[in-house]
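Dear colleague,

I am passing on the structure we spoke about, and below it you will find an account of what turned up when I went through it. Please read the notes with the structure open beside you.

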Amino acid sequence: MSLTFIIPFCILSMHLAMVFGGYYYEYSDLKQQLAEEQTEQLKKDLFRMRHVIESSVQAQDFSRIDQEVALISTDMSMMVYVILDPSRTIHFANHIIWRESDASNVLEGYSNAIHKSVIQLNKPYFQVNFDRLSIQGYYPITDNNRFSYAQSVELIYLEYDISGMISQISDSLFNRTVQIWGVGSLFLIAFCALLYWFWIHPLSRLSLRAKNIDTSDFQRGIICSSLEVASLRDYLVQVSGKLKRNQKRLNDAEQRWLFSVEGVRNGIWDWNITTGSVYVSDRWKDMLGYQSYELDSDYSVWESRLHREEKVDVLNALQKYIDGKTTEYESVHRLRHKDGKHIWVLDKGKIVEWDQQGKPVRIIGTITDVSGDVKVQKTESDKDKQAHTGLIDLVNREALADSLYDLQVHSRKVNQFSVILLINIDNFAVLNDALGAELGDRLLMKIAARLSSAFSSADFVARLGADEFILLAKNFGNEVGHANKRALALASEVRQLIGRSFSVAEQELSISARVGVVVCDGVESLEPQTLLGRADNALEHAKEPRSNGCSIYHPQLDHSQIQPFKLSHELKVALAQEQLNLVYQPVVDDDGHVMSVEVLPRWYHQQHGFISPRKFIEAAELSDFIFELELWILEKTCQVLHQLQSLGVPTPIMSLNISSRHFHQEHFVSVVLNRIQSSKVNPSKLQFELNEDVFSVNAELVKEKIITLQNMGLNVALDNFGSGLCSLNQLQGVSFSQVKLAACYVVEDKQDPSSQILLCALVELASRLDYQVIAKQVETKSQLSNLIHAKCNGFQGYIFSRPLSEVDIIQLVKSQLSLSVV
């Protein structure tokens, strides 16, 4: 409602309430005052009547009493006036008919109880009865006269009507109230008229004009007589100015956004899920060969152009995102071009609007044309345009060499550092074997498209090897420290981008990457293979645990790193020439008794000396040689077990590390079981240690293989438990003979007391899952004390025993020696 009606209504209503509230209060007060005054008058009259009765009794002249009662009867307001004796008999009354009658029978308001109480107390009693609009009075007559008649009267009872007087004052008060209300209402109406003219009317006009606040003269002609309305007008003027400035900023931002989107060759789409309408930008249409006025704004425009081989997967991925089953929508697929061919696009979307029930209503997104390969190069030469033949084809070496030469030339020319990033996908061989070649290519395609879209401004982005990508970037400043920091920030951004989950074949895959960084200024013109060698060295160093996945090349790395591809070749030669040998490290319980033995390969290189098992195992995993190596370890272990069995001594469980890639091979189970059966050893004396990352893909198939091995009598242990390479829910439905804690939980951190709490919690969790918990790499008594306190079941490390030769481990088992250090 308008203030024009609300304010007068409220003011007049309040005035009416106050006036008539005062009327009812004053009316009640006057009634009480009138009753009190009349009561006092009656008391005086009765006091005089008392003396009349006394004098009449003394003179024995009762006619005078009759005369007084008759005189009182002339007052029309006197309803009852009687003189009673102790037996309640009426002797004198203002109505003759009541004489010689019982007062209880003829007088309605009379009370015997009050009569008796008044006589006993010898005190008058008066009561104002507003229900009957009367005053009732009981007045005792006390007289010591011994005349016989004096003893026959003792009380005067009366009832006086006050309705007439009350009615008179009520009429008078009401008339005065109406006059006050009328005069006050006229004054308030005049006040409301002034209020309307000086406040509400300008405010109303200002409100109507505010609809057109974007016009420059919206406040013109409005006279503001009050400070508040003038302030409101001034504020609206300020808001109008801000609105215009914000509108300009919005327009500028929209232009910049459109320019930015078009600059990175992205097409925009906006889908209203409820109505099915889809807005697509001109760039989106242009990617598919259409003009801006072609194509309808409908969902079917997009869905009908999906390639039939990918349509189901794309729609499922989109529906999962809408249903909240995935955190983002991202897909690499093909769309049909106007000329009938198909183009590869990276399609991303984000929900931006929900209804009141929380259901998605609107999604906006972008598509990026990635048909020309993962490489995005700012050159117009035909040679560069033909550098690739497919979306994930390997980069043309000549094109890469030219780009590296150009990168150095540019750095020298502008006197700024440039950056080379060599990106390696962790455990891609395992994923590729588990998913299959086709889905592995699809994963590479998604990685390539994501890199291409995110780093389209880079000079060069390309796939270099089976699981490696290279990124070249310019203009990182002319100060080496600043350039190094920016290069590491870029490498970290690459790792975060790849670390986001990928959806492949309805599986959510979480992968990680390592990045080797080379910062060059171009002053020293280097051969492309030299730069790539430095990047490879930095990448190897990035695989160290302390590098956080990123490493910058420095000259010292040239002497400390051994190229993995060289190791892989030399490892085959070493196995053929029997340069590899096995060592055996015991796992003991609290008392030092041997629970199991872990079998570890060792390699002494003629040139580089002892090589870390981690390095040559990683090198073996780059090729299929890892399968041959682990089967060789299995055969050698079975020979040792057979020798111990022939000696008739209690044989501990021999534990072998199995790579995730090997375990995912289709014929792994049948091959290892055949080898074990042919060796004629007890399968229960063998244990396969699997890393947590074995569950990163095809988790259900992994569980089936584990159960098959366990059904054949083999033990299966889980290594690096708690490293975070798999979620706990993936371990449901499978049991392990042992779980070995990740080494990070064994390292003692006195600065962080929560580390011991975390260790205890992890051990308790494993115990509740009915796992036997083993702590490895135990080297100090302090570490051992913490692990015993955490209630670990077994321990492995140099504090108990170094890895032993075959002869030593056989001697240890035969001697039943305790290795306790407690």
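**A contact across the chain**

Ile11 touches Leu188, Phe191 and Cys192, leaving aside residues up to four places away in sequence. Ile11 belongs to helix α1, which covers residues 3-59, and although Ile11 and Cys192 are 181 residues apart along the chain, their C-alpha atoms are separated by 8.5 Å. Please keep in mind throughout that this is a predicted model.

**The protein as a whole**

The protein has 25 helices and 26 strands, and of its 822 residues, 45% are buried. Among the contacts with a separation of 6 or more, 64% are between residues 24 or more positions apart. The protein exposes about 42,800 Å², of which 52% is supplied by carbon and sulfur atoms.

**Strand β6 and its partners**

Strand β6, made up of residues 266-272, is mostly covered, since 6 of its 7 residues are buried. β6 pairs with strand β10 (residues 360-369) in the antiparallel sense over 7 bridges, and in that pairing Ile268 stands opposite Thr366 in β10. β6 also pairs with strand β7 (residues 278-280), again in the antiparallel sense, over 3 bridges, where Trp271 stands opposite Val278 in β7. The strands β6 and β7 form a hairpin with 5 residues between them, and Gly276 in the turn has a positive phi of about 80 degrees.

Helix α13, residues 437-454, has 18 residues and reaches 26 Å from its first C-alpha to its last, which is close to the 26 Å expected at 1.5 Å a residue. The buried residues of α13 include Gly440, Leu443, Leu444, Met445 and Ile447, and also Lys446 and Arg450.

**The nonpolar cores and the parallel strands**

Which residues have the most contacts inside the largest nonpolar core? That core has 79 residues, and the ones with the most contacts inside it are Leu686, Phe688, Phe695, Leu709 and Phe736. Helix α19 (residues 625-647) gives the most to this core, with 12 residues. A second, separate core has 37 residues, including Leu490, Val504, Val517 and Val697.

As for Phe688, the residues it touches, not counting those up to four places away in sequence, include Leu634, Leu656, Ile658, Phe668, Leu709 and Val716. Leu656 also takes part in a strand pairing, as it lies in β21 and stands opposite Val599. Strand β19 (residues 594-605) and strand β21 (residues 653-658) run parallel and are joined by 4 bridges. β21 pairs in turn with β22, in the parallel sense and over 5 bridges, and there the bridge partner of Ser655 is Gln687 in β22.

**Helix α24 and two lysines**

In α24, Gln783, Leu784 and Leu787 are buried. Seen down the axis of α24, the buried residues fall within an arc of 100 degrees, so they line one face of the helix. The face turned away from the buried side of α24 carries the exposed residues Lys781 and His789, while the cover over its buried residues includes α23 (754-768), β25 (773-775) and β26.

Most residues other than glycine have a negative phi.

Lys680 is not a glycine either, and has a positive phi of about 60 degrees. The place of Lys680 is in the loop between α21 (668-679) and β22 (686-691), and with a relative accessible area of 68% Lys680 is exposed.

With best wishes

Terms used:
Residues are numbered from 1 along each chain as its sequence is written. This is a predicted model: local features need pLDDT of at least 70, side-chain atom pairs count only at pLDDT 80 or more; totals for chains, interfaces and linings use all residues. Side-chain values use heavy atoms; hydrogens and water are left out. Buried means under 20% relative accessible area, exposed over 50%, partly exposed in between (1.4 Å probe, protein chains only). Contact means heavy atoms within 4.5 Å. Accessible areas come from the Shrake-Rupley method with a 1.4 Å probe; for residues, only the protein chains shown count as cover. The expected span of a helix is 1.5 Å times one less than its number of residues. A nonpolar core is a set of buried Ala, Val, Leu, Ile, Met, Phe, Trp, Tyr and Cys residues joined through side-chain atoms within 4.5 Å. The arc is that of the directions from the helix axis to the C-beta atoms. Two strands pair if DSSP finds at least two bridges between them.
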